[in-house]
Amino acid sequence: MLSSETIAAVATASGSGGVAIVRLSGPDAATIAAQICAREKLTPRHAHYVQFYKIDPQTEVTTGLVIDMGLALYFKAPSSFTGEDVVELHAHGNAIVCEQIIASACVLGARRARAGEFSERAFLNGKLQLNQLEAIADLISSNSEQAARSAALSMQGVFSDEVNALLQKLIYVRTLLEAALDFSDEDIEFADHDRIEKELRYTLERLAEIYKVAAEGARMQRGVTVVLSGAPNVGKSSLLNALCAEQRAIVTPIAGTTRDLISVDLNINGVPVTLVDTAGIRSDAGEIEREGIARAETACAQADLILQVLDNNPTDIDQLSDSDGIVVVNKADLLSEQASRLAGVVYVSATERTGLDQLRSAIAKRLDISSDDQQTPFAARQRHLDALQQAQTAIERAMAQLAQAELPELIAEELRLAQQSLGEITGEFTPDDLLDYIFREFCIGK
Ligand SMILES: Nc1nc2c(ncn2[C@@H]2O[C@H](COP(=O)(O)OP(=O)(O)O)[C@@H](O)[C@H]2O)c(=O)[nH]1
Ligand SMILES: [Mg+2]
């Protein structure tokens with residue numbers, strides 16, 4: 001499905017820089033670019049050192065005015081990112097220069113690209129699968145080395161290969177069921193029954209493994225949220241300041257100082273962590289503080305992990321359970337040497353900055369953040385996780401029906417649904433409005 005329109009946009013980040021790239025894609029990309037560069041034609045995969053000329057909007061020919069000098073690179077269809085004719089014009093990194101080049105391209109019949117339109121064309125022309133394009137977007141926005149590495153894996157197709165292997169399995173089982181349908185009066189023959197069951201069981205196991213890796217990858221992309229919770233004045237804000245080595249939150253000896261949520265971005269073992277400071281929870285608070293407490297409660301409900309902060313006199317330590325997160329006793333500097341220390345509790349002093357490394361390792365351990373030598377998970381998004389889960393439920397239903405010797409048609413229908421869910425990940429069965437939604441999230445020029 002090649003588009004008839006040629007689109008243009010700046011592919012590089014906005015702002016000033018050494019180089020900026022204007023990208024053209026579509027049937028007229030090469031002729032439009034050649035006119036801007038005042039060349040007869042461009043040779044594919046050849047770096048032309050050229051001058052970019054301004055095109056007159058009235059006469060639609062060159063004004064002879066040089067906008068900039070740079071390189072023109074022509075990627076002939078289908079060997080390009082979009083699968084169409086693509087030309088990259090490498091100019092100097094200035095918004096006004098780029099704008100004049102794009103305006104000239106538009107005079108010659110191009111139009112400005114919409115957000116994500118280059119990626120959309122790459123997808124529609126079968127250059128990359130949907131989740132690979134999403135991985136490019138994730139790579140561009142990743143903010144830790146691990147997130148970038150996992151996005152690069154998905155971009156290379158590691159995730160789609162896994163999904164496609166599962167799809168092949170489901171198709172195979174469906175052919176076994178089709179064969180059984182030919183003898184529709186009888187039950188599925190015993191030999192086939194066993195084979196189908198074995199295959200489905202295997203598929204479910206693989207699905208669970210892939211889900212685990214994808215969930216880890218998804219968390220790495222979005223980062224994790226860790227919330228500081230506890231009574232007023234235990235030193236939550238001080239701890240946030242100590243962990244980010246900045247005075248981000250106001251600290252006073254007055255209970256109820258923090259009202260709004262304050263968050264800082266940290267990096268723990270290569271994973272982006274958003275640490276959120278909250279209002280201390282107490283019952284006799286005024287109106288503003290009550291709103292702060294409500295926000296604190298919401299933050300805790302949405303957190304990946306909660307740090308329960310207590311001060312040096314932790315009377316209520318026994319009431320906290322494992323599910324409450326990590327118990328952190330602050331103001332350890334006020335504890336006497338002889339004071340007993342509980343196992344499983346992290347002792348820190350925000351003001352003396354002691355115990356912070358132990359706290360960081362406890363956070364990493366609790367979040368199961370993989371260390372460098374472990375296998376890097378591939379990047380995934382929530383919609384991929386949802387699709388994996390839907391496929392899993394459909395296969396489970398199919399297995400239950402198989403066990404009850406239901407009609408092969410019913411089992412086949414469940415497997416068709418599972419296949420459809422998995423197909424949504426790679427874009428094979430993705431409704432148009434979802435595609436639209438996904439690509440419009442991308443930025444212009446991508
Ligand atoms: N001695 C000692 N005092 C601390 C420590 N951390 C915080 N404080 C003090 O405890 C008071 C309350 O601290 P703050 O961070 O505002 O507590 P929050 O209400 O839980 O946010 C302030 O006077 C801090 O200086 C600590 O590790 N040791
Ligand atoms: Mg505070």
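Just after helix α3, Gly126 takes a positive phi of about 70 degrees. This value belongs to a predicted model, as do the other values in this briefing.

- Helix α3 spans residues 117-124 and is mostly covered, with seven of its eight residues buried.
- Those buried residues are Glu117, Phe118, Ser119, Glu120, Arg121, Ala122 and Phe123.
- What do the buried residues of α3 pack against? Their partners are β1 (7-10), β2 (17-25), β6 (111-112), α4 (130-141), α12 and α13 (432-440).
- Two of the buried residues of α3, Glu117 and Arg121, also belong to a network of salt bridges with Glu5, Glu84, Arg111 and Arg114.

**Backbone geometry**

- Most residues other than glycine have a negative phi, and most peptide bonds are trans.
- Glu60 is not a glycine, yet its phi is positive, at about 60 degrees. Glu60 is found in the loop between β3 (48-55) and β4, and it is partly exposed, with 43% relative accessibility.
- Asn233 is another residue other than glycine with a positive phi, here near 75 degrees. Asn233 sits in the loop between β7 (224-230) and α8, and its relative accessible area of 31% makes it partly exposed.
- The peptide bond that runs from Ala77 to Pro78 is cis, and its omega is near 0 degrees. Pro78 is located in the loop between β4 and β5 (86-93).

**Nonpolar cores**

- In soluble globular proteins, nonpolar side chains tend to be buried together.
- The largest nonpolar core has 32 residues, and the members that touch the most others are Phe159, Leu200, Leu207, Leu388, Ile395, Leu415 and Leu422.
- Two or more residues of this core come from each of α6 (158-181), α7 (190-222), α11 (382-403) and α12 (408-426).
- Which element gives the most to this core? It is α11, with nine residues.
- Apart from neighbours within four places in sequence, Leu388 is in contact with Phe159, Leu207, Ile210, Tyr211, Ala214, Leu422 and Ile425.
- There is also a second, separate core of 31 residues, with Val226, Leu228, Leu305 and Val309 among them.

**Magnesium site**

- Ser237, through OG, and Thr258, through OG1, coordinate the magnesium ion (ligand 2) at 2.1 Å.
- These two residues link distant parts of the chain: Ser237 belongs to helix α8 (residues 236-244), while Thr258 lies 21 residues apart from it, in the loop between α8 and β8 (262-268).
- Are the two coordinating residues buried or exposed? Both Ser237 and Thr258 are buried.

**Nonpolar surface patch**

- On the surface, Tyr49, Val66, Met69 and Leu71 form a nonpolar patch, and together they have about 360 Å² of accessible area.
- Strand β4 (residues 62-75) supplies the largest share of the patch, three residues.
- Met69 is placed in strand β4 and is partly exposed, at a relative accessible area of 33%.

**Salt bridges**

- Side chains of opposite charge can pair when their charged atoms come close.
- The structure contains 24 salt bridges.
- One of these joins the side chains of Arg381 and Glu134, at 3.8 Å from N to O. Arg381 is in the loop between α10 (356-366) and α11 and Glu134 is in helix α4, so this pair ties together parts that are 247 residues apart in sequence. Arg381 is buried at 18% relative accessible area, and Glu134 is buried at 1%.
- Glu197 and Arg201 form a salt bridge through their side chains, at 2.4 Å from N to O. Because they are four residues apart in helix α7, about one helical turn separates them. Glu197 is partly exposed at 25% relative accessibility, and Arg201 is partly exposed at 43%.
- A salt bridge also connects the side chains of Arg295 and Asp260, at 2.8 Å from N to O. This pair links distant parts of the chain, with Arg295 in helix α9 (residues 287-302) and Asp260, 35 residues apart, in the loop between α8 and β8. Arg295 counts as partly exposed at 36% relative accessibility, as does Asp260 at 46%.

Notes
Residues numbered from 1 in each chain as written. Chains lettered and ligands numbered in written order. Predicted model: local features only at pLDDT ≥ 70, side-chain atom pairs only at ≥ 80, totals over all residues. Heavy atoms only, no water. Core = buried A, V, L, I, M, F, W, Y, C linked by side-chain atoms within 4.5 Å. Buried < 20%, exposed > 50% of the residue type's maximum accessible area, 1.4 Å probe, protein only. Contact = heavy atoms within 4.5 Å. Donors = N, O, S within 2.8 Å, 3.2 Å for Na, K, Ca; no water. Patch = residues over 30% accessible without salt bridge, like charges linked within 9 Å, V, L, I, M, F, W, Y side chains within 5 Å. Areas by Shrake-Rupley, 256 points an atom, 1.4 Å probe, with all protein chains shown as cover. Salt bridge = Lys/Arg side-chain N within 4 Å of Asp/Glu carboxyl O.
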